[in-house]
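Dear colleague,

I am handing over the structure we talked about, and below it you will find an account of what came out of it. Please keep the structure open while you read, so that you can follow each part in turn.

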Amino acid sequence: MKVAVFSTKPYDSDFLTAANRASGNRHELRFLEPRLNSDTVPLAGDAEAVCAFVNDILDRSVLEALKQRAVRLIVLRSAGFNHVDLVAARDLDLAIARVPAYSPEAVAEHTVALMLSLNRHIHRAHARVREGNFALDGLLGFNLAGRSIGIIGTGKIGICVASIMRGFGCRILGADPYPTPEFTALGGSYVELQDLLAACDVVTLHCPLTPQTYHLVDAAAIAAMKPGVMLLNTGRGALVETRALIDGLKSGKIGHVGLDVYEEEGDLFFENLSGRIIQDDVFARLLTFPNVLITGHQAFFTQEALTAIAETTIANVSQFELSGCAAYPVSTEMLA
Ligand code: NAI
């Protein structure tokens, strides 16, 4: 099939080309640097499939415009599908496929990297030592052993985080409308969300972004948390209401914040903007806090994950070509 790959970075073309080669160069991949939106739809040309990433726009108008061309399949290079209008896709009879599990360990390990960096102020220590400043004032940390870690969303990534944190000797609490025995087998205990927020020293978000989880962490949720709490978000930016987060940081209620995602990241992440002035004042304010550590949506970015993303994406296209149905379809039921 002809596949138009949007938001292509060099690593995307490297891994997708290798996966396509392994399939006998079955598909014709056209790599496009621009993000997919209503202006860039024509770049799809005569492709029958479009391959998209997390900050591509897949709303009704874009899907309609793609459908008017030759497109029949959208393959997402992501697990999350919150950026796709699934109802519109169903109405237009456009198949949507994703990569449901590529490497939960990649995201879980990055989450723990943020946790440990914040906990022991590694980001500040690194900058100090490079300046010849070996003073320890301000770098006082706390042990994770014996602390309570709250995992919101105990799916594939949440379970990996639980497994790692068990090794640190933490008490592990979880909140999830669909509890799994795997979590309890790891020593985790399920509690109501409010109880988790009240009890935990570290709260980490691993649920999908849905209408129900939009701004799950708002001013009320922050008020319910322990003073000095560490909040980690490697899920999706809009799980957290950023202005409430800033208020929580300013008041000292929140002790540490680690983010790999940000509500308005579409205008910032995945690009080198180092020579430009950041126009997003909310994001700029976040960068001023010494106890905030931000990475630019890189939790997935490991060799293992990129290999799996590329292989599953090619498998989705091949399966669709063979049977008219992708290997890992996204169904509208997932909206429920
Ligand atoms: P998963 O589908 O295996 O697990 C999600 C869990 O969240 C499920 O157990 C589900 O029942 C639970 N959940 C749903 N609604 C909830 C709610 N209101 N409260 C608490 N839990 C709720 O998904 P997986 O693979 O663990 O990924 C989780 C999320 O991580 C993805 O949806 C995606 O947004 C994000 N992600 C971020 C990446 C990054 O690079 N930063 C990479 C991959 C995923």
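**Helix H2 and its cover**

Among the elements that cover the buried residues of helix H2 are strand S3 (49-52), strand S4 (73-76) and helix H3 (86-91). Helix H2 itself takes in residues 60-68, and its buried residues are Val 62, Leu 63 and Leu 66. These residues lie on the same side of H2, because the arc that they cover around the axis is only 100°. Please bear in mind, here and in what follows, that this is a predicted model.

**The sheet**

Elsewhere in the chain, 7 strands form an open sheet with parallel pairing, and their order is S8-S7-S6-S9-S10-S11-S12. Strand S8 (189-190) and strand S12 (292-294) are at the edges and have a single partner strand each, so one side of each is left without a neighbour in the sheet. Within this sheet, strand S6 (residues 148-152) is joined to strand S7 (residues 171-175) by 5 bridges in the parallel sense, and Ile 149 has Ile 172 in S7 as its bridge partner.

On one hand, S10 pairs with strand S9 (residues 202-205) in the parallel sense over 4 bridges, and Asn 233 in S10 is the bridge partner of Leu 205. Between S9 and S10 the chain passes through helix H9 (residues 219-224), in a β-α-β crossover that is right-handed.

On the other hand, S10 runs parallel to strand S11 (residues 254-259), to which 5 bridges join it, and Leu 231 stands opposite Val 257 in S11. Together with helix H10 (residues 242-251), S10 and S11 make a β-α-β unit that is right-handed. Helix H4 (residues 104-119) lies across S6, S9, S10, S11 and S12, and it runs at about 150° to S10.

**What the record says**

An unreviewed UniProt entry annotates residues 112-299 as "domain: D-isomer specific 2-hydroxyacid dehydrogenase NAD-binding". In the model, this span is 34% helix and 16% strand, and the C-alpha atoms at its ends lie 10 Å apart.

How values were computed: Residues numbered from 1 in each chain as written. Predicted model: local features only at pLDDT ≥ 70, side-chain atom pairs only at ≥ 80, totals over all residues. Heavy atoms only, no water. Pairing = 2+ DSSP bridges. Helix = DSSP H or I, 4+ residues; strand = E, 2+ residues; numbered from the N terminus. Right-handed = clockwise from strand over helix to strand, strands pointing away. UniProt positions renumbered as here; feature names shortened; annotations may be inferred. Contact = heavy atoms within 4.5 Å. Axes fitted to C-alpha atoms, helices over the stretch in contact; angles between N-to-C directions. Buried < 20%, exposed > 50% of the residue type's maximum accessible area, 1.4 Å probe, protein only. Arc of directions from axis to C-beta.
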